[in-house]
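Open the model in your viewer and keep the selection tool to hand. The stops below say what to select and what is there.

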Amino acid sequence: MISEQDFIASNYSSIETATFECSAPSNIALVKYWGKKENQIPANPSISFTLNNCKTITKVNFTKKESKDNFSFDLLFEGKSKDDFKPKIQKFFERIEVYCPYLKEYHIVIDTENTFPHSSGIASSASGMAALAMNVMCLEKEINSNLSEDLFYKKASFLARLGSGSACRSIKGEVVAWGKNKTIKESSDLFGVEFNDIHQNFKNYQDTILLVDKGEKQVSSTVGHDLMFGHPYAEKRFEQAHDNLAKITKNLTEGNVEEFIKIVESEALTLHAMMMTSMPYFILMKPNTLEIINRIWKFRSENNIPVCFTLDAGANVHVLYPENVSVKVLQFIQDELVDFCQNGQYICDQIGNGAESK
Ligand SMILES: Nc1ncnc2c1ncn2[C@@H]1O[C@H](COP(=O)(O)OP(=O)(O)OP(=O)(O)O)[C@@H](O)[C@H]1O
Ligand SMILES: C[C@@](O)(CCOP(=O)(O)OP(=O)(O)O)CC(=O)O
């Protein structure tokens, strides 16, 4: 059993300068992580599809510096400096310091871009932190040639989690679970694990993300998690997530798309119900979000096509469906749903394989 101690780097050399480039996709949770304990430990287990096209591409240069007293880094986001992204990265470095003590020896230049809008509920914090964690691990591999591939990826997920919880599910694909649970025996609160026992019906599963509102949302996920402390329904919700994880993994293995849909949609609505019933309460759905959900339900019942929706902590709708109904669903999206998207925008994505280093 791997423990936190195993993630503390001890035998490493040093290098004058090195540059790496890594990409990491976003992910969409099927069973949602909502609520956390100290040190980014989730209050309940979650499971997600790793995406393919929605991703962050991050280049990092590490150059040896004189002083080892502080973290020193510059950040370029889509070619420009971006001060409002810096506090999350500073916090990330502080949280991972004990596991990556070598980091303070370097000046770090981060040059990053996303293929999709950030801060609007498409988990840019997940892809962003996963891509950064991968770059840190590339440096660690460079200065410690004994690092095994298994530890490289587990530690990348472990570090990513300390940047943003859901980011730990973006290192691997195609389906990743995070949070200790009885169903997946190798599951851990510390990092994400692949769930590989997937039926053919879920291969190349599609996710078309309807951009209902591209603006930055009023409440960040981090603030939302905190509101689960003292939430009147918290304990029941955490129990439900365990049950839903057990049910959805069975559905994924058996290829039961109908039952899968029930869990996925219920999880999305429960997530938003938790937001609506916290104190302070808030609503992240927009009228067009509801309009889209109702139309998906009508289309599904009238055409017997297994298409469903899920939501993250935002107004945008993820439309999930098997690859073999793509043509019909995309036609439906064009005909009926595009009008509810901001500037008619949507992103076609599908299940993917996780982070990569160049
Ligand atoms: N490429 C990137 N590199 C580093 N950090 C990023 C990058 N893209 C986004 N971020 C960080 O993620 C934050 C956005 O995260 P936030 O949780 O508010 O929204 P989100 O991730 O898009 O949606 P969700 O609620 O689904 O997680 C940004 O403010 C920034 O700190
Ligand atoms: C609704 C969610 O997307 C919440 C994601 O929360 P974050 O991982 O963004 O939160 P922090 O750990 O505070 O960074 C559900 C999910 O992805 O499981």
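**Before you start**

The protein chain has a mean pLDDT of 96, with 99% of its residues at 70 or more; pLDDT is the predictor's confidence in each residue, from 0 to 100. For the complex, the predictor gives an ipTM of 0.95 and a pTM of 0.97. This is a predicted model, in which local features need pLDDT of at least 70 and side-chain atom pairs count only at pLDDT 80 or more, while totals for chains, interfaces and linings use all residues. Residues are numbered from 1 along each chain as its sequence is written, chains are lettered from A and ligands numbered from 1 in the order in which they are written, and side-chain values use heavy atoms, with hydrogens and water left out.

**Stop 1: helices 2 and 3**

Select residues 124-143, which are helix 2, and residues 149-163, which are helix 3. Helices (H or I, at least four residues) and strands (E, at least two) are DSSP runs, numbered from the N terminus. The two axes come within 8 Å and cross at roughly 135°; axes are lines fitted to C-alpha atoms, for helices over the stretch in contact, and angles run from 0 to 180 degrees between N-to-C directions. Show side chains at the contact (heavy atoms within 4.5 Å): helix 2 brings residues including M129, A133 and M137, and helix 3 brings residues including F152, A156 and L159.

**Stop 2: helices 5 and 6**

Now select residues 234-254 (helix 5) and 257-276 (helix 6), whose axes come within 9 Å and cross at roughly 155°. Helix 5 is therefore roughly antiparallel to helix 6, a term for angles over 145 degrees. Among the residues that meet here are R237, N244 and I248 in helix 5, and E259, I263 and T270 in helix 6.

**Stop 3**

Two strands pair if DSSP finds at least two bridges between them.

Zoom in on strand 11 and strand 12 (residues 317-321), which run antiparallel and are joined by three bridges.

Definitions and conventions: Angles under 35 degrees count as roughly parallel, over 145 as roughly antiparallel, 65 to 115 as roughly perpendicular and the rest as oblique.
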